[in-house]
Amino acid sequence: MNIVKVRSPFFIEVNEIGQIGSKIELSIWNKGTAEPTSGQTGFYSLSKPIASATQINTSYNVSNFVKDFIDNIRPQLVTFPSVEDNNEWCLFKVKRYKLVGETYTLLDTIEYVGVNGFTNYVDGVNDIVVVSQPEPAYALINPSIVHYRHGQAYNYVNIICEPEPVEFDLIALYYNSDTNAYIHEETILNNWANEEIYNYKVPLTYGTTKNQVLYIAYEQTIITIYSKTIEECKYTPVVCSFINRYGGWQFLTFFKAQTNSVNVSGSSFKLAPANIDYNTFKGQSKAFNINGTQTIKLNTGFVDENYSELITDLMLSEKILLDDIYPVKIKTQSSELKNSLKDKLINYEIDFEYNYDLINNVQ
């Protein structure tokens, strides 16, 4: 299983001795639909000649083609492992050909999984994440970050996985992280399931235990995720859902003070009175095209130092919702990434703007 984060360029290269050109055939589809063939939506044939006899390498960036087939809209919270919406990710296949004379020769065919994530510049060229047997599961989240939540909000983690073909199911094990007491077990994917790729959403917690650890395992644990419940008695917590750098849904709770504002704009024109004996109740000007937007300023409350990664992902995200309902844009254009040595107690304050006008003007 080859996972590609398609917000960063992903290049397919053809560099074969003797070639005078190359071609790739790119097929992209969402699970639940058929793989496209020539002439259908989602099928692309790209070709190019070599630059010169000494520069024969040809490359194709396929990320933008793949990204068009991913549509992150809204997370649907769950209380047990469930299949993620198929539009949240996609499948694609690449066939590489070399051109010698007038004949294209097939070199190989490779299948990939596309997710709406990105890689950092310092990591170098966008490389695939190879997930293979005997532990073919990959979490679209950073498991080293402790996830804080409020009450019984069932936040989840996306798991890209395949069935283990011999004897082991993919399971979710929930434990009390304070006492290490067993809480519950859920099967994510049976070993006898169809040999295909799945995207599951697995709740981070089960039941009412405040502090939990989630183990994702076949025979042995391969992913460990900690979560803690904070009881906020003074403010109303706001859950922020966004697509992170791994291409999965991430949930960040803002526990502390919030400030709401309304911004209004429009045009004003001076009016000419209908007659000399004018109506004093009409005024001398009239406003046109008035509309407004709403902004909200939120505070995380005190969090761990490694929350700097979540804040970075949030500010770079293309899809953000508040309370799983309201689409928003980030107004904060910069934020200091804090550390406990200098800042002691770490709180992040982020400004959002609701991504719609207050007066419905959709046409």
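## The largest pocket

In this predicted model, the largest pocket is lined by Leu271, Ala272, Pro273, Ala274, Asn275, Asp277, Tyr278, Asn279, Thr280, Lys282, Gly283 and Gln284. The space in this pocket amounts to about 310 Å³. By class, its lining comprises 5 nonpolar, 5 polar and 2 charged residues.

One of the lining residues, Gln284, belongs to the loop between β20 (258-270) and β21 (285-299). Glutamine 284 is exposed, with a relative accessibility of 59%.

## The largest cavity

The largest cavity holds about 40 Å³ of space.

The residues that line the largest cavity are Asn72, Glu84, Glu88, Leu140, Asn158, Asn199, Ile243, Gly247, Gly248 and Trp249. Of the residues in this lining, 3 are nonpolar, 5 polar and 2 charged.

Valine 328 has tyrosine 354 in β24 as its bridge partner.

## The five-stranded sheet

A further open sheet contains 5 strands in the order β11-β17-β16-β13-β14, with mixed pairing. The edges are formed by β11 (147-150) and β14; each has a single partner strand, so one side of each is left without a neighbour in the sheet. Here the twist averages 25° from one strand to the next.

The pairing of β11 with strand β17 (residues 221-230) is parallel and extends over 4 bridges. In this pairing, histidine 150 stands opposite isoleucine 230 of β17.

Two strands pair with β1. Strand β9 (residues 129-130) pairs with β1 in the antiparallel sense over 2 bridges, and asparagine 2 has valine 130 in β9 as its bridge partner. Strand β8 (residues 103-115) pairs with β1 in the parallel sense over 3 bridges, and the bridge partner of isoleucine 3 in β8 is valine 113.

## Positive phi angles in two loops

Most residues other than glycine have a negative phi. Asparagine 180, which is not a glycine, has a positive phi of about 65°. This asparagine is located in the loop between β13 (170-176) and β14 (182-189). Its relative accessible area is 52%, and asparagine 180 is therefore exposed, the cut-off for this class being over 50%.

Aspartate 324 likewise has a positive phi, near 60°. Its place is the loop between β22 (320-322) and β23 (326-330). Is aspartate 324 buried or exposed? With a relative accessibility of 11%, aspartate 324 counts as buried, since buried means under 20%.

## Cysteines and disulfides

A disulfide is a covalent bond between the sulfur atoms of two cysteines. How many disulfides does the count come to? The count comes to 0 disulfides. Cysteine 90 takes part in no disulfide, and the nearest cysteine sulfur, that of cysteine 161, lies 17 Å away. For cysteine 161, the closest cysteine sulfur is in cysteine 90, and a distance of 17 Å is too far for a bond, because a disulfide requires sulfur atoms within 2.5 Å.

Cysteine 90 counts as buried, at 1% relative accessibility, and cysteine 161 counts as buried at 0%.

Note on methods. Residues are numbered from 1 along each chain as its sequence is written. This is a predicted model: local features need pLDDT of at least 70, side-chain atom pairs count only at pLDDT 80 or more; totals for chains, interfaces and linings use all residues. Side-chain values use heavy atoms; hydrogens and water are left out. On a 1 Å grid over the protein atoms alone, a cavity is a set of points where a 1.4 Å probe fits but cannot get out, and a pocket is an open set with protein on both sides within 12 Å along at least five of seven lines; lining residues have an atom within 4 Å of a point. Grid points are joined across faces, edges and corners, and a volume is the space filled by probe spheres set on the points. Ala, Val, Leu, Ile, Met, Phe, Trp, Tyr, Cys and Pro count as nonpolar, Asp, Glu, Lys and Arg as charged, and the others, Gly among them, as polar. Buried means under 20% relative accessible area, exposed over 50%, partly exposed in between (1.4 Å probe, protein chains only). Two strands pair if DSSP finds at least two bridges between them. Axes are lines fitted to C-alpha atoms, for helices over the stretch in contact, and angles run from 0 to 180 degrees between N-to-C directions.
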